[in-house]
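Let's take a friendly walk through this model, from the fold of one chain to the partners around it. Have the sequence and the 3D view at hand as you read.

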Number of protein chains: 2
Amino acid sequence: MLEQLKLDNQLCFRLYTVSRLITQAYRPLLEPLGLTYPQYLVLMVLWERDNQLVSDITHRLMLDTNTVTPLLQRMEREGLLVRTRGIADGRQTLVSLTHKGKHLEEKAKDVPSCMADNLRCGSSDVERYASLVTSLDEMIETIKVKEK
Amino acid sequence: MLEQLKLDNQLCFRLYTVSRLITQAYRPLLEPLGLTYPQYLVLMVLWERDNQLVSDITHRLMLDTNTVTPLLQRMEREGLLVRTRGIADGRQTLVSLTHKGKHLEEKAKDVPSCMADNLRCGSSDVERYASLVTSLDEMIETIKVKEK
DNA sequence: TTAATTTATATCGTTCACGATGCAAAAATA
DNA sequence: TATTTTTGCATCGTGAACGATATAAATTAA
């Protein structure tokens with residue numbers, strides 16, 4: 001058995017697992033709001049600035065339209081946002097929050113601190129957190145560049 | 001706008017993104033082998049030790065049967081493994097590699113080093129890699145415990 | 001031994017993620 | 001201006017993830 005093929009040696013498997021577990025940890029916080037984690041991400045983008053194009057959202061979340069469009073359609077059905085086609089450029093779609101979508105920001109205000117509590121472990125010092133964020137940002141840059 | 005709700009401040013979004021980008025980076029390496037990343041994970045478990053129960057695999061990958069069973073069914077259809085029901089305990093299902101499944105280990109032997117090259121960036125020293133792995137393992141433990 | 005409970009796996013329905021493809025509007029080129 | 005190419009978004013099909021539920025075998029309790 002090649003040492004490299006052992007699962008425990010794999011950074012990638014850890015990242016895959018952590019990502020899944022985090023999404024699971026969000027569930028009890030987001031379900032009362034009627035949101036999934038990807039939907040919450042879309043709302044964070046729109047809470048930061050309303051009335052953005054589909055392309056703005058895909059770039060921000062680093063997802064493609066074939067993921068984001070159905071996501072937005074479901075959120076539109078839920079009455080969280082409205083999609084308006086063809087303003088200046090007829091190809092574009094503008095995404096705007098409804099009153100309900102805006103109002104959710106208030107209800108979601110405790111989600112980040114609850115998640116922070118969930119992730120906080122004994123040794124979670126500020127330095128390690130910062131180092132982790134830096135490493136992840138580097139990885140995102142590295143992979144993004146090599147892909148394209 | 002609450003500072004905490006800003007996307008860029010979110011460790012979780014970074015982990016979600018890194019995980020997705022890594023799966024994407026695996027694709028060109030695994031597609032020639034006819035594998036997806038989760039299927040590759042299952043094979044790594046079975047290459048390490050053949051003839052394991054479904055429960056062994058779910059525990060190892062920290063997934064549930066409702067994810068693993070369909071995954072194994074697709075892999076069985078592809079002729080990579082065989083599922084045998086009811087040996088000593090009639091509820092269990094034993095998963096065994098076929099010749100084709102075993103043979104893939106040879107073909108996959110360069111995948112880890114190729115991925116390592118993909119992830120390697122300028123400043124990726126051994127220390128940071130080790131620190132990253134430690135942080136992720138801590139997070140996995142923390143979330144796992146709090147969930148159950 | 002029969003009945004109740006637990007365990008191991010499977011099934012179902014919904015939402016993502018994403019490659020491939022389609023399509024209409026806009027921009028570039030002839 | 002007519003044609004080609006590009007761009008922005010949508011649609012389709014497949015494979016995960018996962019909550020909820022189902023089912024049959026094994027275990028425990030009565």
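## The fold of chain A

Helices here are DSSP runs of H or I with at least four residues, strands are runs of E with at least two, and both are numbered from the N terminus. Keep in mind that this is a predicted model. By that count, chain A holds seven helices and three strands.

Chain A has 148 residues, and 44% of them are buried. How far apart in sequence are the residues that touch? If you take the contacts in chain A between residues at least 6 apart, 49% link residues at least 24 apart.

## Where chain A meets chain B

The size of an interface is often expressed as the accessible area that is lost when the parts come together. For chain A and chain B, the buried area is about 6,300 Å², with carbon and sulfur atoms giving 67% of it. Each side can be counted too: 63 residues of chain A are in contact with 63 residues of chain B.

Two salt bridges are found across this interface. One of them joins Asp137(A) to Arg14(B), with the closest N and O atoms 2.6 Å apart. There are also ten residue pairs in polar contact between chain A and chain B, both residues being at pLDDT 80 or more. On the side of chain A that touches chain B, the elements giving two or more residues are H1, helix H2 (37–48), H3, helix H6 (111–119) and helix H7 (126–147) of chain A. H7(A) gives the most, with 16 residues. By type, the residues on this side of chain A divide into 35 nonpolar, 13 polar and 15 charged.

## Around DNA strand D

Now turn to DNA strand D, which is surrounded by 28 residues; Arg20(A), Thr69(A), Arg83(A), Asn66(B) and Arg74(B) are the closest. The residues of this surface comprise seven nonpolar, 13 polar and eight charged. At least two residues each come from H1 (11–30), H3 (54–61), H4 (65–77) and strand S2 (81–85) of chain A, and from H2 (37–48) and H4 (65–77) of chain B.

Which parts of the strand face the protein? Of the atoms of DNA strand D within 4 Å of the protein, 74% belong to sugar or phosphate, and the rest belong to bases. On the phosphate side, a polar side-chain atom of Tyr16(A) lies 2.7 Å from a phosphate oxygen of DNA strand D, and a polar side-chain atom of Thr36(B) lies 2.7 Å from a phosphate oxygen as well. Asn66(B) reaches a base: an N or O atom in its side chain is 2.5 Å from a base nitrogen of DNA strand D.

Terms used: Residues are numbered from 1 along each chain as its sequence is written. Chains are lettered from A and ligands numbered from 1 in the order in which they are written. This is a predicted model: local features need pLDDT of at least 70, side-chain atom pairs count only at pLDDT 80 or more; totals for chains, interfaces and linings use all residues. Side-chain values use heavy atoms; hydrogens and water are left out. A residue is near a molecule or strand if one of its heavy atoms lies within 4 Å of it. A polar contact is a pair of N or O atoms within 3.5 Å; within protein, one must be able to donate a hydrogen and the other to accept it, and residues adjacent in sequence count only if both atoms are side-chain atoms. Ala, Val, Leu, Ile, Met, Phe, Trp, Tyr, Cys and Pro count as nonpolar, Asp, Glu, Lys and Arg as charged, and the others, Gly among them, as polar. Contact means heavy atoms within 4.5 Å. Buried area is the accessible area (1.4 Å probe) that two parts lose on being put together, summed over both. A salt bridge is a side-chain nitrogen of Lys or Arg within 4 Å of a carboxyl oxygen of Asp or Glu. Buried means under 20% relative accessible area, exposed over 50%, partly exposed in between (1.4 Å probe, protein chains only).
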